[in-house]
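Thanks for making time this morning.

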Amino acid sequence: MTQYAAPAKTNVLALVGFIAAFMIPLAGVILSVFARRQLDAPGNTESGRGLARWAMVIGIFGTLAQIGFFIIWFSLFFRAVGGMAS
């Protein structure tokens, strides 16, 4: 009888960080940094390095997009409020 090796367990922080990167990008970046530290620890047999890496990439781009959105939104808002005062 042939026995198969059990697949490596996926790191929970990497998985949660990947999901969070789409909803709350900054949280995805933070969780993925913690996941990478856990995955790089000596003796760790978990998988999920790719999830953590992509969570970082998606989270960084998402955070930059949110910052850009809020800068544009605030500038338009204050321009509109300033126009009403005149």
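Let me begin with the polar contact, which here is a pair of N or O atoms within 3.5 Å, where within protein one must be able to donate a hydrogen and the other to accept it, and where residues adjacent in sequence count only if both atoms are side-chain atoms. What you see is a predicted model, in which local features need pLDDT of at least 70 and side-chain atom pairs count only at pLDDT 80 or more, while totals for chains, interfaces and linings use all residues. Residues are numbered from 1 along each chain as its sequence is written, and side-chain values use heavy atoms, with hydrogens and water left out.

With that in hand, look at T63, whose side chain reaches the backbone oxygen of G59 at 2.7 Å and also the backbone nitrogen of L26 at 3.4 Å. T63 sits in helix α3, residues 49-85, a helix being a DSSP run of H or I of at least four residues, numbered from the N terminus. T63 is buried at a relative accessible area of 17%, where buried means under 20%, exposed over 50% and partly exposed in between, using a 1.4 Å probe and protein chains only. Setting aside residues up to four places away in sequence, T63 touches P25 and L26, contact meaning heavy atoms within 4.5 Å.

Which residues of α2 are buried? They are P25, G28, V29, S32, A35 and L39, and, seen down the axis of α2, they fall within an arc of 130 degrees, so they line one face of the helix; the arc is taken from the directions from the helix axis to the C-beta atoms.

One of these, S32, has 0% relative accessibility, and its side chain reaches the backbone oxygen of V29 at 2.8 Å. Beyond its neighbours within four places in sequence, S32 is in contact with A52, A55 and M56.

Finally, the aromatic residues: rings of Phe, Tyr and Trp (its six-membered ring) pair if their centres lie within 6.5 Å, with planes under 30 degrees apart counted as stacked, over 60 as edge-to-face and the rest as tilted. The count comes to seven aromatic pairs, among them F74 and F78, which are stacked at 6.2 Å centre to centre with 20 degrees between the planes. Both lie in helix α3, four residues apart; F74 is partly exposed at 40%, whereas F78 is exposed at 54%. The rings of F77 and F78 have centres 5.3 Å apart and planes at 70 degrees, so that pair is edge-to-face. One aromatic cluster is formed by F69, F70, W73, F74, F77 and F78.

Key:
Helix = DSSP H or I, 4+ residues; strand = E, 2+ residues; numbered from the N terminus.
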